[in-house]
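Here's a walk through one protein chain, from the overall layout down to individual residue pairs. Have the viewer open while you read.

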Amino acid sequence: AARMLRPLMASSVARDSFAASGLPLHTRTLEFAVFQEDPATLRADGTIFDLRKCGFVPTGGELQTAGVIHQMHWRAWLGDPSGRIARLEIAQPVVAMERSAATRGECCRDPAPRLQELVGSAFDASFAKRLAALFGGPLGCSHLLTLGQALGGLLPRVLADAAREPERRAPGECVAKQTLVLDGFERADGVLEIAIQASEYRLAPRAGVEAMFERLGVARELRVLGEVRLRDMQLLALSAAARERTAANLADASWRDLDALVAPLAGESALRGMAARIRAHMGGLPEGDERALLTAALLNFAPGLIQCMPALSHRLGGMFARATSQPAAAAGEMNSVLTSGGLPDSCYMWRTGSAAGQQRRP
């Protein structure tokens with residue numbers, strides 16, 4: 001292990017072009033892990049965690065301040081090779097809005113039981129559409145939806161890899177992990193920098209492993225950096241790089257520039273229509289693990305950006321003044337995010353006619 005660490009440490013210099021700058025606003029973390037529960041069952045765990053680092057926003061009759069904003073979990077047991085859900089547990093220890101008189105007794109946890117309708121269905125190519133129809137927009141929670149969509153992108157590939165393995169895993173053994181960390185920063189010139197670091201790991205079977213680094217089957221790593229102009233939410237620039245490492249090339253695996261691939265997504269709104277543009281753009285590329293990881297990272301750009309906005313309460317006065325000069329759609333969008341932390345009909349609590357939604361003010 002010591003012999004392997006020396007070259008690893010010597011090669012651990014990050015690309016300077018992906019060093020974000022500015023006032024730290026918010027960190028969003030998504031983490032997924034797949035375990036061999038028993039010889040016939042895989043268990044998939046997913047967690048989303050939002051940490052706001054400054055600012056405050058009125059939310060559901062209360063003033064939501066800096067701190068932990070969301071902590072939510074999926075846990076799914078897959079009972080056959082097709083990825084069919086045998087059992088599903090959902091937990092939301094920290095939510096934006098608890099039950100109160102201001103919400104007329106409603107809570108962010110209310111729509112979660114709807115997800116039990118997924119039991120018996122499979123994590124396959126149509127999973128994302130089924131999930132959106134069941135739990136999208138005002139029907140559910142956007143953060144649990146984000147977790148489910150990410151699991152739907154990861155698990156079919158993990159299941160395909162597991163099907164090719166010649167030997168079974170020991171109970172409790174970790175098979176794969178994926179992490180996505182998004183950080184938002186405010187620059188003095190009115191530009192937000194959104195930095196994403198995503199990693200996906202396949203772990204070799206533990207049996208026969210002597211040095212711990214030999215557990216690494218493959219590590220796919222991705223960095224994305226975007227610049228968003230605050231006054232109109234335009235995505236000014238987007239860059240990306242990726243590399244793939246195994247236990248054999250930890251010291252010399254190099255980063256590959258993906259700027260030409262992602263740059264066409266810049267020049268338009270970082271919020272309105274961005275998901276559709278990403279799917280259309282990435283859909284034209286060859287399928288594979290790298291495309292899947294890059295797509296997942298890009299699709300989390302706008303949701304992460306929205307989470308950064310309430311941390312900008314020190315800019316509220318100037319931003320409201322500038323919003324009046326924007327087109328009506330852009331002005332309404334900016335005001336919704338600044339004053340509540342969410343867009344109308346983006347989730348159950350912000351649905352049209354809800355108690356929380358009616359508290360919005362022009």
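What follows goes from the whole chain to the sheet, and then to the helices.

**Ground rules**

This is a predicted model, where local features need pLDDT of at least 70 and side-chain atom pairs count only at pLDDT 80 or more, while totals for chains, interfaces and linings use all residues. Residues are numbered from 1 along each chain as its sequence is written, and side-chain values use heavy atoms, with hydrogens and water left out.

**The whole chain**

The protein has 10 helices and 9 strands. Here helices (H or I, at least four residues) and strands (E, at least two) are DSSP runs, numbered from the N terminus. Of the 362 residues, 49% are buried. Buried means under 20% relative accessible area, exposed over 50%, and partly exposed in between, with a 1.4 Å probe and protein chains only. Take the contacts (heavy atoms within 4.5 Å) with a separation of 6 or more: residues 24 or more positions apart account for 63% of them.

**The sheet**

In what order do the 9 strands of the open sheet come? The order is β4-β3-β2-β1-β5-β6-β7-β8-β9, with antiparallel pairing. Two strands pair if DSSP finds at least two bridges between them. β4 and β9 (256-257) are the edge strands, each pairing on one side only.

Some of the neighbouring pairs, with one residue pair from each, look like this:

| Strand pair | Bridges | Example residues |
|---|---|---|
| β2 (41-59) and β3 (62-78) | 15 bridges | D50 and H70 |
| β3 and β4 (85-94) | 7 bridges | A76 and L88 |
| β1 (23-38) and β5 (173-186) | 13 bridges | T29 and V181 |
| β7 (216-229) and β8 | 11 bridges | E227 and A237 |
| β8 and β9 | 2 bridges | A241 and D257 |

Several of these pairs are hairpins, and their turns are worth a click. In the hairpin of β7 and β8, 4 residues sit between the strands, and the turn residue with a positive phi, about 60°, is M233.

If you're picking side chains to display, remember that in a regular strand the side chains alternate between the two faces of the sheet.

Axes are lines fitted to C-alpha atoms, for helices over the stretch in contact, and angles run from 0 to 180 degrees between N-to-C directions.

Helix α2 (residues 127-135) has F127, L131, L134 and F135 as its buried residues. These four cover an arc of only 70° around the axis, so they lie on the same side of α2; the arc is that of the directions from the helix axis to the C-beta atoms. K129 and A133, on the other side of α2, are exposed. The buried residues of α2 pack against β3, β4 and α3. After α2 comes G137, with a positive phi near 55°.

In helix α5 (residues 274-282), the buried residues include M274, R277, I278 and M282. Their arc around the axis is only 115°, which puts them on the same side of α5. On the other side of α5, A276 and A280 are exposed. What do the buried residues of α5 pack against? Their partners are β8 (234-245), α6 (289-299) and α7 (301-308).

The axes of α6 and α7 come within 4 Å and cross at roughly 30°. That makes α6 roughly parallel to α7; angles under 35 degrees count as roughly parallel, over 145 as roughly antiparallel, 65 to 115 as roughly perpendicular and the rest as oblique. A297, L298 and L299 of α6 make the contact with F301, A302 and P303 of α7. By class, this contact has 6 nonpolar, no polar and no charged residues. Ala, Val, Leu, Ile, Met, Phe, Trp, Tyr, Cys and Pro count as nonpolar, Asp, Glu, Lys and Arg as charged, and the others, Gly among them, as polar.
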